[in-house]
Amino acid sequence: MPETPAPIIETQVDDPNLWLEAVEGDDALAWVRAQNARSLAGLQADPRYAGFEAAALDALNSKERIPYGAVRDGMVYNFWQDDVNVRGLWRRTSLDSYATAKPDWETVVDFDTLAADEGKNWVYKGANCLRQVGKPARHCLVSLSDGGKDAVVNREFDLVTKAFVADGFVTTEAKQGVAWVDADTLLIASDWGEETVTASGYPFIVKRWHRGTPLEAAEEVILGTRMQVGVWPMVMELDNGRILQGAVKSETFFTHSYWWLPDGEAEPVRWPIPLKSSPNGIYKGQFLVSLEEDWAPDGQAGSFKSGDLVAFGVDVFLETRTLPTVSLVFHPDATQAVNGVAIAKGAALLSINDNVVGRVMRLEPLADGWTHVPIDLPGTGQAGIAFADEHEEAVFLNYEGFLTPDSLLSYDIKTGDVASLKSLPGKFDASGLKVEQFFATSKDGTQVPYFIVHKADMVLDGSTPTLLYGYGGFQVSMNPSYSPVTGRLWLEQGGAYVLANIRGGGEFGPAWHQAGLKLNRQRVYDDFIAVGEDLIARKITSSEHLGIMGGSNGGLLMGVMLNQRPDLWNAVVVQVPLLDMLRYHFLLAGASWVDEYGSPDVPEERAFLETFSPYQNFDASRPYPEPFFVTSTKDDRVHPGHARKMAKLFEDAGLPFLYYENVDGGHSAAANQTERAKRTALEFTYLTERLFPEGRE
């Protein structure tokens with residue numbers, strides 16, 4: 001694929017608000033603090049705020065939460081945060097104990113204590129543990145972030161001694177990727193110094209690092225380019241335990257080439273799969289691949305469709321280095337989409353969307369094809385794979401719905417039995433509530449589904465306060481899920497909640513996503529508008545009582561909705577948004593998203609971006625609803641300058657707006673439960689003030 005063209009536009013010299021892009025600049029932070037003080041003073045003075053915050057904190061810190069975890073050698077590892085353990089505990093218990101109502105947890109790392117001892121604002125970002133056939137898990141890399149950023153430090157940890165390893169593997173802070181080869185060897189991609197990260201801020205050089213040697217002595221094994229999104233290390237394990245070293249080059253956000261690094265050879269070998277496809281693991285010698293484009297393998301009679309799951313014999317490829325015969329594993333119908341495959345010790349599981357509801361199947365290769373048998377579940381809710389690992393027989397499934405609290409189910413690989421392992425009581429009063437699915441007709445005639453949760457006796461007179469949530473991008477599916485916070489702070493108050501399954505998402509496979517890419521992006525916005533209009537046409541709500549919310553790409557959606565249909569909504573929550581679409585590719589990870597939005601450096605794409613970019617389409621003369629911008633100083637993925645600059649336009653125009661920027665929290669705008677409770681309480685106080693009939697008290 002050709003590299004991204006050199007920029008033809010270096011900056012916007014006529015933008016008076018560029019100073020707000022200085023993330024921690026004195027003037028920018030002074031403006032942020034002033035806006036925070038003003039907005040928080042008003043929202044926190046509302047008598048409902050304190051109750052909302054307490055209810056949210058109670059739900060988020062409740063001990064009655066399912067401790068989801070990963071199984072290693074018969075032990076379940078879980079990360080847990082509550083009112084006492086604000087930064088959280090990494091802890092473990094045996095499988096037998098885990099199955100009881102009150103597991104006997106053993107603390108592995110106390111991150112509050114670690115942060116205090118080291119004087120750091122550590123946020124736990126996960127653990128990468130080495131798994132080897134016949135050997136217990138011991139070596140882990142614990143990822144620690146300063147304040148919730150994507151950039152992390154990796155430090156080696158010993159699961160036996162429960163301590164960080166003296167003179168073990170330790171990386172410098174960077175956006176990085178690591179993969180274990182064996183107990184003494186890592187593959188690592190990182191920031192190696194000047195000109196060693198891509199325009200998106202991600203690494204493109206992978207090195208092999210041996211224990212006992214300095215990081216700077218690591219040997220380069222594969223090289224990308226600065227014009228790619230990034231290059232990441234990866235390893236794959238064969239059925240016999242052999243580890244295949246490799247890497248993935250992300251040429252764009254949606255195109256990837258996968259490479260094998262054969263032992264003793266200098267040149268990498270590319271896996272013969274399409275650029276728009278994803279490996280899903282190896283099961284019984286079959287290399288499973290999900291397709292995101294049509295594929296007619298060279299020299300073979302068969303062809304496959306975008307969205308299919310296919311497979312081929314891995315041993316044949318490793319021996320011949322040519323593509324073996326490819327077989328179809330699963331072909332989704334028009335209402336289905338493959339979510340992913342999980343490999344357990346003795347089973348392969350397929351997760352799909354079926355009319356926007358999750359289902360799980362078991363896969364098995366036969367001489368004449370593959371079987372895919374649905375796993376029987378105790379109801380009709382949303383199901384997904386919570387845990388499966390090729391080294392473990394334990395398989396956990398998650399089961400929930402808008403009104404159905406989380407359940408954790410165990411799946412017995414040998415018998416196929418499904419049993420309830422843990423279930424939760426209701427965390428909000430769902431009595432009298434019901435869930436329905438409707439379809440709105442978009443501008444081009446496409447039927448767009450959406451879910452609505454509401455009072456069963458809702459009067460169809462347009463008076464119901466309604467919150468409409470949307471995302472619409474990056475092939476991310478919006479599925480039914482149980483939210484105690486939304487339940488308590490919105491549904492219990494009499495509001496209706498709507499989840500829109502607009503194009504750009506992955507609810508109906510790659511085609512549903514690709515229908516909204518680049519110059520077709522207006523379809524995403526038309527879909528969302530159509531859902532809003534449909535809610536009003538059904539007399540569920542009216543513009544006066546309709547509010548919308550979205551974050552990240554969904555924050556861009558909110559910004560577009562402010563400009564394109566300010567008359568349709570009375571409240572707009574704009575979370576960690578992209579808003580300046582003519583400069584987004586210069587800001588943090590923005591350059592990695594040009595395959596989704598288009599590039600401002602390509603004239604045709606820039607011309608289209610100019611038609612909807614929220615920052616450039618702001619019009620001070622329009623009667624905007626009062627928006628609420630929410631972002632984070634520590635977000636090193638979507639730059640806080642987007643929210644700052646858009647809010648500044650409202651300020652300069654003398655238009656009402658609210659603004660809250662958390663100084664920590666990363667891309668979620670909250671690094672712990674206390675911060676999450678505060679943020680959501682602020683948001684729902686704002687929504688209540690704007691949308692409920694009584695308004696501001």
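Colleague: At what angle do helix H6 and helix H13 pack, and how far apart are their axes?

Modeller: In this predicted model, H6 (residues 484–491) packs against H13 (residues 673–691) at an angle of about 30°, and the two axes are 10 Å apart. Since angles under 35 degrees count as roughly parallel, H6 is roughly parallel to H13.

Colleague: Is the crossing of H6 and H13 right-handed or left-handed?

Modeller: The crossing of H6 and H13 is right-handed.

Colleague: Which residues make the contact?

Modeller: H6 contributes Val485, Thr486, Leu489 and Trp490. From H13 come Thr680, Ala681, Phe684, Leu687, Thr688 and Leu691.

Colleague: And by class, what does the contact of H6 with H13 have?

Modeller: The contact of H6 with H13 has seven nonpolar residues, three polar ones and no charged ones.

Colleague: Turning to the largest nonpolar core, how many residues does it have, and which have the most contacts inside it?

Modeller: The largest nonpolar core has 107 residues. Leu468, Phe528, Phe629 and Leu687 are those with the most contacts inside it.

Colleague: What does Leu687 touch, leaving out residues up to four places away in sequence?

Modeller: With those left out, Leu687 touches Leu467, Trp490, Met549, Ala571, Val573 and Phe692. Another core lies apart from the largest one; this other core has 22 residues, among them Leu238, Val248, Leu318 and Val326.

Colleague: Back to H13. How do the axes of helix H2 and H13 cross?

Modeller: The axes of H2 (residues 47–61) and H13 cross at roughly 140° and come within 8 Å. H2 and H13 are therefore oblique to each other. The crossing in which H2 passes H13 is right-handed.

Colleague: Which residues meet there, in H2 and in H13?

Modeller: In H2, they are Arg48, Tyr49, Phe52, Glu53, Ala56, Leu57, Leu60 and Asn61. The H13 residues they meet are Gln673, Thr674, Arg676, Ala677, Lys678, Thr680, Ala681, Leu682, Phe684, Thr685, Thr688 and Glu689. By class, the contact of H2 with H13 has nine nonpolar, six polar and five charged residues.

Colleague: What about helix H1 and helix H12: how do their axes cross?

Modeller: The axes of H1 (residues 26–45) and H12 (residues 641–653) cross at roughly 65° and come within 12 Å. The crossing of H1 and H12 is left-handed. On the H1 side, the contact is made by Ala28, Leu29, Trp31, Val32 and Gln35, and on the H12 side by Arg644, Ala647, Lys648 and Glu651. These residues of the contact of H1 with H12 divide into five nonpolar, one polar and three charged.

Colleague: Is Gln35 buried or exposed?

Modeller: Gln35, which lies in helix H1, counts as buried because its relative accessibility is 5%, and buried means under 20%. Not counting residues up to four places away in sequence, Gln35 touches Glu651, Phe657 and Tyr659.

Colleague: How far apart are the C-alpha atoms of Gln35 and Leu238?

Modeller: The C-alpha atoms of Gln35 and Leu238 are separated by 55 Å, and the two residues are 203 residues apart along the chain.

Colleague: A change of topic: where is Ala589, and is Ala589 buried or exposed?

Modeller: Ala589 is in the loop between strand S34 (571–575) and helix H10 (594–597). Its relative accessible area is 0%, so Ala589 is buried. Beyond residues up to four places away in sequence, Ala589 touches Lys175, Ser200, Tyr202 and Arg637.

Colleague: What is the phi of Asp73, and what is that of Asp167?

Modeller: Asp73 has a phi near 55°, and Asp167 has one of about 60°. Both are positive values in residues that are not glycine. Most residues other than glycine have a negative phi.

Colleague: Where do Asp73 and Asp167 lie?

Modeller: Asp73 is in the loop between strand S1 (69–72) and strand S2 (75–80). Asp167 lies in the loop between strand S8 (163–164) and strand S9 (177–182). Asp73 counts as partly exposed at 38% relative accessibility, whereas Asp167 counts as exposed at 78%.

Definitions and conventions
Residues numbered from 1 in each chain as written. Predicted model: local features only at pLDDT ≥ 70, side-chain atom pairs only at ≥ 80, totals over all residues. Heavy atoms only, no water. Axes fitted to C-alpha atoms, helices over the stretch in contact; angles between N-to-C directions. Helix = DSSP H or I, 4+ residues; strand = E, 2+ residues; numbered from the N terminus. Parallel < 35°, antiparallel > 145°, perpendicular 65-115°, else oblique. Left-handed = near helix turned anticlockwise from the far one by under 90°. Contact = heavy atoms within 4.5 Å. Nonpolar A, V, L, I, M, F, W, Y, C, P; charged D, E, K, R; others polar. Core = buried A, V, L, I, M, F, W, Y, C linked by side-chain atoms within 4.5 Å. Buried < 20%, exposed > 50% of the residue type's maximum accessible area, 1.4 Å probe, protein only.
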